[in-house]
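Here is a short briefing for a reader meeting this structure for the first time. Keep the view open while reading.

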Amino acid sequence: MINAVRRILPKVSTTTPSNSTLQGAPLGHQAIDTVLKDKLNDLMRMEEKISNLDAHDALYLLTRCLTIPRLTHFLRCAPSFDNPTLDEYDAHLRSTLKKALNLSLEDQQWDQATLPVRLGGIGVRKATHVALPAFLSSCLASSALVEKIVPERLRDVVGAQDPRFTEAAIRWDTLTDSSSRPTPPKEHKQSHWDKPIMEKIANTMLSNASGKGKALLLAVKAPHSGDFLLAVPNSSLGTRLDPQAIRIGVTLRLAAPILTEHRCICGRGTADQFGLHGLVCHTAEGKYARHEEVNDIITRSLATARCPAQREPQVQRSDRSQKRPDGATMLPWKDGKQIAWDYKCAATLADTYLPYSVVEGGGAASHRETQKIRKYEDLPSCYNFIPIGSETLGAWGKCALKFLIELGEKLIIETKDHRATSFLF
Ligand SMILES: [Zn+2]
């Protein structure tokens with residue numbers, strides 16, 4: 001047969017079933033392994049070189065283009081969710097992340113790291129987690145077109161009738177708490193199949209945790225607490241963190257060991273291996289500078305939102321301390337009133353705040369905000385006082401969230417950039 005074809009088309013190339021691909025997608029089951037092995041080899045090549053990159057750049061590239069984004073097309077085109085090579089791919093992904101950030105990752109921290117940022121992870125997704133939602137959504141989204149293309153006798157084995165689809169959907173049911181599968185038009189979107197699986201994993205982690213572990217998980221999944229991981233590293237915009245800073249930020253988020261336990265020079269306690277003492281130690285440098293930085297960002301953002309503000313304004317107070325708020329607007333912000341704000345950062349896992357942190361994400365920050373409101377209740381009536389509370393693990397207090405989202409919306413109008421709120425956080 002091949003010889004007959006060759007006589008008519010002498011330049012035609014032949015291929016085996018295991019090498020048959022069309023635009024990167026395997027044609028038939030035999031080609032799945034070949035394509036996946038190629039993807040794995042690409043990752044292994046990168047694993048060797050990743051430590052040459054700047055840590056922040058490396059993390060950004062890992063989550064945004066070098067790993068799962070390069071695999072997604074394949075995962076959507078082929079039923080690969082039960083392929084054992086995906087486990088191998090995940091093992092190399094873990095090792096690549098460890099090399100990129102120079103940190104050690106136990107199983108629990110690795111599992112947390114692979115959650116989406118909004119659920120408390122760092123957004124390095126496991127191939128084994130993405131494969132099922134990718135295949136299910138793609139199968140349903142393309143079924144109408146496939147039915148038009150294939151001959152009538154094959155129409156009852158495509159889309160939702162495909163035996164591999166049924167197999168994948170049954171597997172999905174076991175991985176979620178969801179009583180029902182996504183329905184049209186949501187069933188065509190990968191995120192609607194992905195979200196229930198990830199939420200179940202995050203909820204299981206949270207229900208197995210207690211004390212500081214629980215407070216940490218609540219804080220890192222609180223709204224906007226992981227926005228620093230979404231920023232594009234750019235030195236001229238001031239959004240590139242130095243290797244040590246990104247390493248500390250990630251290890252604090254994952255409760256991974258970062259240093260050897262030792263007696264702190266402050267003499268008040270032991271510096272634990274997770275670096276938490278450094279967040280409360282009175283000898284730790286930079287606390288004042290960071291406080292100033294937050295107030296500067298708020299002042300500059302208010303100016304961009306056409307409501308200029310001044311730092312530490314003179315305001316008439318009956319209070320004995322005569323303490324000034326961190327800043328106040330010079331024009332009315334809302335309802336004809338100016339705003340005065342005061343910023344405070346609370347250590348999420350400090351013993352004083354732990355009772356608030358284990359109740360809800362941002363609980364410690366909200367508690368500090370309540371204290372601030374009491375402290376500034378005698379401000380002149382032309383001011384609305386806004387306490388801005390944040391936490392060392394990234395969570396924000398309720399008043400801070402409401403105000404910064406409001407400010408972000410004004411920044412979106414002024415800058416025409418829909419990501420302005422996220423940039424602000
Ligand atoms: Zn100390």
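H7 passes H9 in a right-handed crossing. The two helices pack at an angle of about 145°, with their axes 8 Å apart. This is a predicted model, and the points below are grouped by topic.

**H7 against H9**

- On the H7 side, the contact is made by His129, Pro133, Ala134, Leu136 and Ser137.
- On the H9 side, Gln190, Trp193, Asp194 and Ile197 take part.
- The residues of this contact of H7 with H9 divide into five nonpolar, three polar and one charged.

**H7 against H8**

- Helix H7 covers residues 127-149, and helix H8 covers residues 163-175.
- H7 and H8 pack at an angle of about 130°, and their axes lie 10 Å apart.
- The two helices are therefore oblique to each other.
- H7 passes H8 in a left-handed crossing.
- From H7, the residues involved are Leu132, Phe135, Leu136 and Cys139.
- They meet Phe165, Ala168, Ala169, Arg171 and Trp172 in H8.
- The residues of the contact of H7 with H8 divide into eight nonpolar, no polar and one charged.
- Leu136 belongs to the contact with H8 and also to the contact with H9.

**The loop between H8 and H9**

- Pro182 lies in the loop between H8 and H9.
- Is Pro182 buried or exposed? Pro182 is buried, because 20 other C-beta atoms lie within 10 Å and the cut-off for a buried residue is 20 or more.
- Leaving aside neighbours within four places in sequence, Pro182 is in contact with Glu187, His192 and Trp193.
- Trp193 is also one of the H9 residues that make the contact with H7.
- The C-alpha atoms of Pro182 and Arg317 are separated by 57 Å. Along the chain, these two residues are 135 residues apart.
- Pro185 lies in this loop too, between H8 and helix H9 (190-208).
- A cis peptide bond joins Pro184 and Pro185, with omega at about -5°.
- Most peptide bonds are trans.

- Most residues other than glycine have a negative phi.
- Phi of His224 is positive, near 70°.
- His224 sits in the loop between helix H10 (211-220) and helix H11 (243-254).
- Because 22 other C-beta atoms lie within 10 Å, His224 is buried.
- Ala255 is not a glycine either, yet its phi is positive, at about 55°.
- The place of Ala255 is the loop between H11 and strand E3 (262-263).
- Ala255 is buried, with 22 other C-beta atoms within 10 Å.

**The four-stranded sheet**

- In what order do the four strands of the open sheet lie? The order is E5-E6-E7-E8, and the pairing is mixed.
- The edge strands are E5 (309-311) and E8 (383-391), and each pairs on one side only.
- From one strand to the next, the twist averages 20°.
- E5 and E6 (residues 327-329) pair in the antiparallel sense over three bridges. Here Ala309 stands opposite Thr329 in E6.
- E6 and E7 also pair in the antiparallel sense, over two bridges. The bridge partner of Ala328 in E7 is Ala340.
- E7 and E8 run parallel, joined by nine bridges. In E8, Ile388 is the bridge partner of Tyr343.
- Eight of the nine residues of E7 are buried, so E7 is largely enclosed by the rest of the structure.
- Helix H14 (residues 363-375) lies across E7 (338-346) and E8. H14 runs at about 150° to E8.

**The whole chain**

- How many helices and strands does the protein chain have? There are 16 helices and eight strands.
- The C-alpha atoms fill a box of roughly 100 × 55 × 45 Å, taken along the principal axes.
- Of the 425 residues in the protein chain, 36% are buried.
- Consider contacts with a separation of 6 or more: residues 24 or more positions apart account for 59% of them.

Conventions. Residues are numbered from 1 along each chain as its sequence is written. This is a predicted model: local features need pLDDT of at least 70, side-chain atom pairs count only at pLDDT 80 or more; totals for chains, interfaces and linings use all residues. Axes are lines fitted to C-alpha atoms, for helices over the stretch in contact, and angles run from 0 to 180 degrees between N-to-C directions. Angles under 35 degrees count as roughly parallel, over 145 as roughly antiparallel, 65 to 115 as roughly perpendicular and the rest as oblique. A crossing is left-handed if the near helix is turned anticlockwise from the far one by less than a right angle, and right-handed if clockwise. Two residues are in contact if their C-beta atoms, placed from the backbone, lie within 7 Å. Ala, Val, Leu, Ile, Met, Phe, Trp, Tyr, Cys and Pro count as nonpolar, Asp, Glu, Lys and Arg as charged, and the others, Gly among them, as polar. A residue is buried if 20 or more other C-beta atoms lie within 10 Å of its own, exposed if 12 or fewer, and partly exposed in between; C-beta atoms are placed from the backbone. Two strands pair if DSSP finds at least two bridges between them.
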